[in-house]
Amino acid sequence: PNIQITSTDCKNYILSNWNLGIPFLSFDAQHPTLTFIDNGDNSLTVPSQTNPELGSTDKIAGTGAWNPKDRKITLNLKFTLALSSSKDTTLTYTQTYTPQ
């Protein structure tokens with residue numbers, strides 16, 4: 001509930017108040033912001049980005065799609081997590097947002 005997607009130019013969007021919902025990262029709710037780009041053809045790009053809600057070396061990137069018929073947004077995210085100073089782990093996560 002209360003997920004917000006905002007844009008000032010209908011191309012670059014900010015997703016906020018979403019819960020990652022990945023117990024691997026933390027059992028507490030995490031609500032990072034996420035920037036994504038509308039490519040103009042119903043596809044979305046999530047550029048590589050960091051977020052203070054996650055670890056300082058962790059990164060999020062990915063792709064997605066917007067369905068104009070039902071207005072659902074699906075994001076296919078890849079989290080790169082630094083679990084130690086010498087090893088990274090990549091976690092793939094898909095979320096779908098259905099407008100109310």
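**Exercise 1. Where is Cys-10 placed, and between which strands does its loop lie?**

Solution. The model is predicted: local features need pLDDT of at least 70, side-chain atom pairs count only at pLDDT 80 or more, and totals for chains, interfaces and linings use all residues. Residues are numbered from 1 along each chain as its sequence is written, and side-chain values use heavy atoms, with hydrogens and water left out.

Step 1. Cys-10 sits in the loop between strand S1 (4-6) and S2; strands (E, at least two residues) are DSSP runs, numbered from the N terminus.

Step 2. Cys-10 has a positive phi of about 60° although it is not a glycine. Most residues other than glycine have a negative phi.

Step 3. Cys-10 counts as exposed because its relative accessible area is 59%. The classes are buried under 20%, exposed over 50% and partly exposed in between, with a 1.4 Å probe and protein chains only.

**Exercise 2. Trace the pairing from S2 through S3 to S4.**

Solution. Step 1. S2 and S3 pair in the antiparallel sense over four bridges; two strands pair if DSSP finds at least two bridges between them.

Step 1. Asn-12 has Ile-37 in S3 as its bridge partner.

Step 2. Ile-37 in turn has Thr-45 in S4 as its bridge partner. S3 and S4 run antiparallel and are joined by two bridges.

Step 3. The hairpin of S3 and S4 has four residues between the strands, and Gly-40 takes a positive phi near 90° there.

**Exercise 3. Describe Asn-42 by location, phi and accessibility.**

Solution. Step 1. Asn-42 lies in the loop between strand S3 (34-38) and strand S4 (43-49).

Step 1. Phi of Asn-42 is near 75°, a positive value in a residue other than glycine.

Step 2. With a relative accessible area of 34%, Asn-42 is partly exposed.
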